Amino acid sequence: MLIRIVFLLTLAACLPQAPAAAQEKQPGDDRQMAFFIDSLMSRMTLDEKIGQLNLLTSDMDVTGPSMRKNYAEDIRKGRVGAIFNAYTPEYVKQLQDMAVKQTRLHIPLLFGYDVIHGHKTIFPVPLGMAASWDTAAVEKAARIAAEEASADGINWVYSPMVDIARDPRWGRVMEGAGEDPRLGSLMARAYVKGYQGNDLSASHTVLACVKHFALYGAAEGGRDYNTVDMSRRRMFETYLPPYKAALDAGAGSVMTSFNEVNGIPATGNRWLLKDLLRRQWGFSGLVVTDYTAIPEMISHGVGRNTSEVGTQALQAGVDMDMQGEVYVTQLKSLLQEGKISRQDIDTAVRHVLEAKYRLGLFSDPYRYVHENPDKVIMSPDKLAFAREMARKSMVLLKNAGQLLPLKKSGSIALIGPLADDRRDLIGAWSAAGDWHRAVSLLSGVKAAVEGRAKVYYAKGANLVDDTALLRKLNAAGADITVDAKSPEQLIREAVATAERADVVVMALGESAAMTGEAASRSDIGLTPNQQELLSAVYATGKPVVLVLMNGRPLTLPWEDAHIPAILESWFGGTEAGAAIADVLFGAYNPSGKLTISFPVSVGQIPVYYSHKSTGRPADPGNKYTSKYLDIPNEPLYPFGYGLSYTHFSYGDIVLSTRKLRRGEILRMAVTVTNDGHYDGTETAQLYLRDRVASVTRPVKELKDYRQVFLKQGESKRLTFTLTPEDLKFYNRDMQWVTEPGDFEIFIGGNSRDLQRAAFTLTE
């Protein structure tokens, strides 16, 4: 409290005096904020202003966080506005002390961090959480992440990533919500609400940063940092809606993407950042680059030196330079040369200061420095919800002969390089997560059947045998150890273990380092040595359950054709092993649904449900139609797909009218029945097709969904509505309109298996 009083008195002495009533207003008052920042900026030198636009990194090593000597001196000189990769209350306080006690104007620092799917309590990767289709649960996960991060000194998180992605070769597909703009928008809102809450100045909330603006998920060839090129129509119809949804939910900051948009890198793209983001969408928050994105514009070929690209970035609307140190070294001379204006700098500075004000840092720079974060971090209630979130995220891909759930009796062989693994369970971008605290599948299974069934274990294979790939992964921190036994010995042990058991559970998939940033893959099947292991165990004739641990869709044609039960568990986080065991033994009936299609082959990519029809739709009886010679057009597992231990059937769709007038609301209902043998949750999905329009429309688009819990034998009538807004699209003039015509409604458990009804929209 004393520190806060000293800080406020010192700051007040440096600023023109405000009326007493104004000083007492809360941080959320925009007029008071404007007055405060006007007063502060009138006292700032040019160097101090430029310093606010500089975002530098802290270093992390095995002994904890550390600050480079020259960076610490930059903070003391007012040449830094924010630090990322710095956390723990002690360390944050040390750095904040430099800013508020040793600089002339005592302006506090922002502290940012990549909190992607949890801070210390790690949840499933975002692609997995999206598979829950449960926005309330995702919001709660983000709320928990905010509570832990803010207790650890962080006030700004670089999340959510809302990039639509339809190419699973792209490693960062694990960070988003998949292929659909409607569901992606709902997930974006949930994250922002969870992080920021209702009062951004509260000590347990954090500033959300929407990324990557824009279109990053459409990188050509699924190769990270690669070129993106698409029509304006596809931008607005498919890729831009989740960003807009996040901003409408109140997100306070935006991060630019590494790719170009219409031939201009996003970080220097005036149309993207000023015309669209600021003017058309009305965003007034903070825009920050991704790591060194400004100097990287030179490699893009739009500038010869940092002076030129720095000019482009500032004039395009970038407020803060992450680690590029272009602004702090170039802006002063650029202003003197007349290449930028003082207003350009002032506008950017205002956005940075406003973010700090809204977080309440000017009233208390130590708001995020908790004395005892251990009471908040990884508390039992948070771990319990991590387990619940992991269960909700799992998708049952196959269950022939109702092999699952398993009985807690007899003997079970648990085989695979991920069976007793903890390091990979928390996935990529787990940042501050401690994998030593993760629950392995072996531990989870043993705890679930303790005293009731025998559990045998064999590693069976290394995660990777390819030495070149292994070197790359370990250089990126994968920590993959190669067993002293030969691959042949490992397989022989696995086969012998399988032969002793009644049923085999195989734990296969990816290393966490095989997904995330800079982790694109051209072949997204199981690694060859894991495929060989699976084939050898399958050949024993024992019933096999395949548990997948991964951060992207995998190509699984052989596995689908041969393995009776397949459970997609993703990288499930801290409580993954316990959660998987809950599902395997029926303590939880899986209810997850895919939010991105699983291709049969990489040759299909991109494959997604909302494609358009060609002039020659696929026809098996006609050679000259749009299809492959060797595989089907359809994915192996489509968007929205996911099985249950029970079975749900759908009745006919009942419409309120089949002749809808423009401006009216269409109501519809369908009865869903649980006609299987377990209680369970179903996600009923509503799709729409506009049959004829002034521009071509997708074969179907997700418009709504309902999650319903049904007891065995129970039926419920689900109701949906379609509003005039749901029927709108961008016409040939890129106007957002409805057009009269014929429409189809589809309702079902996934984007492929659907009931159908039709209606006509009239004037």
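Before you go on, a quick note on what is on screen. This is a predicted model, where local features need pLDDT of at least 70 and side-chain atom pairs count only at pLDDT 80 or more, while totals for chains, interfaces and linings use all residues. Residues are numbered from 1 along each chain as its sequence is written, and side-chain values use heavy atoms, with hydrogens and water left out.

Now widen the view around K274. The residue lies in helix α12, residues 270-280; helices (H or I, at least four residues) and strands (E, at least two) are DSSP runs, numbered from the N terminus. Show R279, Q315, A316 and G317 too: K274 touches them, not counting residues up to four places away in sequence. Contact means heavy atoms within 4.5 Å.

Next, pick out strand β17, residues 544-549. How many of its 6 residues are buried? The count is 6 of 6. Colour V544, L546 and L548 for one side and V545, V547 and M549 for the other, and you'll see that both faces are covered.

Strand β16 (residues 503-509) pairs with β17 in the parallel sense over 6 bridges; two strands pair if DSSP finds at least two bridges between them. Look for V505 opposite V545. Strand β18 (residues 565-568) also runs parallel to β17, joined by 4 bridges, and there L548 stands opposite E568.

Bring in the helices: β16, α21 (residues 528-538) and β17 make a right-handed β-α-β unit, and so do β17, α22 (residues 557-562) and β18. Right-handed means that, with the strands pointing away from the viewer, the path from the first strand over the helix to the second runs clockwise.

Last stop: R616, in the loop between α23 (576-584) and β19 (648-650). Is R616 buried or exposed? R616 is exposed (over 50%), because its relative accessible area is 53%. Leaving aside neighbours within four places in sequence, R616 is in contact with Y624, T625 and S626. Its side chain reaches the backbone oxygen of Y624 at 3.5 Å.

Key:
Buried means under 20% relative accessible area, exposed over 50%, partly exposed in between (1.4 Å probe, protein chains only). A polar contact is a pair of N or O atoms within 3.5 Å; within protein, one must be able to donate a hydrogen and the other to accept it, and residues adjacent in sequence count only if both atoms are side-chain atoms.
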